[in-house]
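Me: I am new to this structure. Please take one part and look at it closely with me.
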There are 2 protein chains.
Amino acid sequence: MTTPLRLAIAGLGTVGVGVIKMVRQNAALISARTGRDVQIVAVSARSRDKDRGVSLQNYDWEDDPVTMATRDDVDVFVELMGGSDGPAKAATEAALAAGKDVVTANKAMLAIHGQALALAAEEAGRVLRYEAAVAGGIPVIKALTEGLAGNEITRVMGVMNGTCNYILTRMESAGLPYDEVFAEADALGYLEADPTLDVGGIDAGHKLAILASIAFGTQVAFDAMELEGIDRITIEDIRQAADMGYKIKLLGVAQLTGRGLEQRMSPCLVPDTSPLGQLDGGTNMVVLEGDHVGQIVLRGAGAGEGPTASAVMSDILDIARGIRVATFGQPATRLTQATPAKAVTPAPYYLRMQLLDKPGAMAKVATVLGEAGISIDRMRQYGHQDDTAPVLIVTHKTTRAAIDAARKAFDAIDVIAEPPVTLRIEQV
Amino acid sequence: MTTPLRLAIAGLGTVGVGVIKMVRQNAALISARTGRDVQIVAVSARSRDKDRGVSLQNYDWEDDPVTMATRDDVDVFVELMGGSDGPAKAATEAALAAGKDVVTANKAMLAIHGQALALAAEEAGRVLRYEAAVAGGIPVIKALTEGLAGNEITRVMGVMNGTCNYILTRMESAGLPYDEVFAEADALGYLEADPTLDVGGIDAGHKLAILASIAFGTQVAFDAMELEGIDRITIEDIRQAADMGYKIKLLGVAQLTGRGLEQRMSPCLVPDTSPLGQLDGGTNMVVLEGDHVGQIVLRGAGAGEGPTASAVMSDILDIARGIRVATFGQPATRLTQATPAKAVTPAPYYLRMQLLDKPGAMAKVATVLGEAGISIDRMRQYGHQDDTAPVLIVTHKTTRAAIDAARKAFDAIDVIAEPPVTLRIEQV
């Protein structure tokens, strides 16, 4: 038995408390598996007096996480405060500069400052680990960075925001409109303080940007991601999609194409018989595709005390075992700056529009599509209600550019009540 | 860039050829990710002249894998010959004794000699890695050993023989009897030379024994596993199970109970809406449950050149990166000898029997069940055909001991045409 691994934990919310519980409850198996004891020496949080359901009396209290991060008696700084900047970033930088390994669950910080922090970690000769930042308890960072390391990764996909998946699933099962289910989710405490982080796809987009960096050896580039939230999804779209054998998911897709790196987080249709289509409620799923391994699907709880703490602990146990891997799977100095490519990979699209009751309206729609080079796989027109008739179209494979061109042309022909809903059908 | 990692590969079947292809095709990304080149220096197989579709001319040929395993210019011995004993074991032992790390895909060798080999690896200060031995391309050894390392594992389940899952799925979709689908699978080359390895559950049992050792810190104990194959499953059972909302899968389950270690590989009913129930065809799935992480589901190709080679490469890249973990996740000297426990965890059971056309027959059956302490959840009796009537029973939770007692009592009452089919309904 070597010397213990000494932790300082900043942030005592759900995850921080979960980590403290795991360190205590599973102390014996942790030392059996790593050959070392894991000890918490210091903790820090905004409020010292709050009752968190765990005793903190054996740990030094520090008011300032930055000061705590540089303590001589700390080996690993565990950052669980959140926020892309502010104390989380300052303390992480201070910890690395002071020669500490860092474990964090902070997807926003990594998505925005990942490259700079990875460089800082390498300069300091320390590791920066973040299994908990993506898909909660699912060990996806390890699977991608190590488990599939011999593969050229061809595509990464994921449903990585449980709140959005809950909302979409609940809209379908209860037949309720978006606003009503959104209010329910809010009342249940499922939403972030700023709900656009969830329903705008930002939170899930942060996670996808991190996965893309590992998968393709590129510098994390959240600002180049195409983001579209779920707030425009209607119960009609969900029903119509179901009718044609699809589910609507807030799906992240990253792939390296000849024209650059595609990163999209947007509502997509997926076949209802696929693992992604069958994912109901708040669970997360990540799909990894490699040139030799084919498709690997990982499923588990994407949030919550136990699952997220489990991921944090996996990083801590790796460090205790002496497992040291570069932040994004290879030296940060080697990561390339990818050219962003906007949805160049062709796919079928789903279009829903309200056709005005005018002679020749449908012909005009069909002409617009034809002139944009879009061919129609399936089309349904329903009866008129209030002077408009719902029209659904599933196209053959086409490009986003063609869809955008058609959308623009629709504006000019004046036979559609409002801009059409256009959703990509992702081939999974 | 440090010195290259030098491999010797014994066994040039599908997997060996796949590894050679990956080392060549992905050389650039392998060295980017590990900071080292990976080189093959020598190869060995039964026949030198066979055309394998890859050139071997840059590698030394060795007739004897044991000699090759101890070459001075080899860092890692890659054992892909198969077979629990013979050359595979001899060469693995020789490699470890000569101070080489070993990577193998050999589930039989690990399930039977895992403890001795783990001790040998530790004595030599080398690692013995085997990601490819369980569930092909799914990085399940890494997920369990490292990704969930902070958890007490509570249960491990898996569908880990693609051939059996293909047979069961095909029986259902085509409505064909077992013998016919078995013959089809044989003609398609899906079966091992000795098909009982597949359909008898032995191959999948080897994999489960390995997972159980990591999960519970116990010495691998394949000989203590309850094994039951799929050859007694009829199309009637598949149909009746489907009718009640279940699928039949060859399911491995390992869990540590108060009475010892349960390890079962047997046909079970699982809900058709669960991830396991939705797994069709030759794909593998492993379900890992931990005290904090909850349930993690991993899905992917369980066999084939690319997926299996991907798993072998993951071990090789770990070694190149300096990742060194004890064979079964903790020192072999610490692994305990578990008491085998036979299906002590209660579960509902499915019973199918042919009731003879005798007065009071059903009353006798019900009495037997009642006297064994088994209560009935659902029962169906169909009309008589040829003097017998099919009866289906789903029990409430009960024990295997109670089911066995009932089976014995059925023998004595003489109202059932043949011993009843009894299948466990696993709660997933």
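How many bridges join strand E1 (residues 5–10) of chain B to strand E2 (residues 38–44) of chain B, and do the two run parallel or antiparallel?

Reply: E1(B) and E2(B) are joined by 6 bridges, and they run parallel. This is a predicted model; local features need pLDDT of at least 70, side-chain atom pairs count only at pLDDT 80 or more, and totals for chains, interfaces and linings use all residues. Residues are numbered from 1 along each chain as its sequence is written, while chains are lettered from A and ligands numbered from 1 in the order in which they are written. Strands pair if DSSP finds at least two bridges between them.

Take one of the bridges. Arg6(B) has Gln39(B) in E2(B) as its bridge partner.

Now step back to the sheet. In chain B, 6 strands form an open sheet. Their order is E3-E2-E1-E4-E5-E6, and the pairing is parallel. At the edges stand strand E3 (60–61) and strand E6 (128–129) of chain B. Each has a single partner strand, so one side of each is left without a neighbour in the sheet.

Two helices lie across these strands. Helix H1 (residues 14–25) of chain B lies across E1, E2 and strand E4 (76–79) of chain B. H1(B) runs at about 155° to E2(B). Helix H12 (residues 305–321) of chain B lies across E1, E2, E4, strand E5 (101–104) and E6 of chain B. The angle of H12(B) to E5(B) is about 160°. (Axes are lines fitted to C-alpha atoms, for helices over the stretch in contact, with angles from 0 to 180 degrees between N-to-C directions.)

Chain B has other paired strands. Look at strand E7 (residues 153–159) and strand E11 (residues 283–290) of chain B. They run antiparallel, and 6 bridges join them. Val159(B) has Met285(B) in E11(B) as its bridge partner. Ile153(B) stands opposite Gly290(B) in E11(B).

E7(B) also pairs with strand E9 (residues 246–257) of chain B. Here 3 bridges join the strands, which again run antiparallel. One of the bridged pairs is Met157(B) with Val253(B) in E9(B). Of the 7 residues of E7(B), 5 are buried, so E7(B) is largely enclosed by the rest of the structure. (Buried means 20 or more other C-beta atoms within 10 Å of a residue's own, exposed 12 or fewer, partly exposed in between; C-beta atoms are placed from the backbone.)

For E11(B) the count is 8 of the 8 residues buried, so E11(B) too is largely enclosed by the rest of the structure. Its residues point two ways. Thr283(B), Met285(B), Val287(B) and Glu289(B) point one way. Asn284(B), Val286(B), Leu288(B) and Gly290(B) point the other way. All are buried. In a regular strand, side chains alternate between the two faces of the sheet.

E11(B) leads on to strand E12 (residues 294–301) of chain B. A hairpin joins E11(B) to E12(B) through 3 residues. The pairing is antiparallel, over 8 bridges. Asn284(B), for one, has Gly300(B) in E12(B) as its bridge partner.

E12(B) also reaches across to the other chain. E12(A) and E12(B) pair in the antiparallel sense over 3 bridges. Val297(A) is bridged to Arg299(B) in E12(B).

That pairing brings us to the chain contact. (Two residues are in contact if their C-beta atoms, placed from the backbone, lie within 7 Å.) Chain A gives 47 residues and chain B gives 47 residues. On the side of chain A that touches chain B, the elements giving two or more residues are helix H1 (14–25), helix H2 (27–34), helix H6 (140–147), strand E12 (294–301) and helix H12 (305–321) of chain A. H12(A) gives the largest share, 9 residues.

How do the two copies relate? The same surface serves both copies: 100% of the contact residues of chain A recur in chain B.

Finish with a residue in a loop. Asp414(B) sits between helix H14 (400–413) and strand E16 (421–425) of chain B. It counts as exposed, with 10 C-beta neighbours inside 10 Å. Asp414(B) is 158 residues from Leu256(B) in sequence. In space the two are 38 Å apart, C-alpha to C-alpha.

Methods:
Helices (H or I, at least four residues) and strands (E, at least two) are DSSP runs, numbered from the N terminus.
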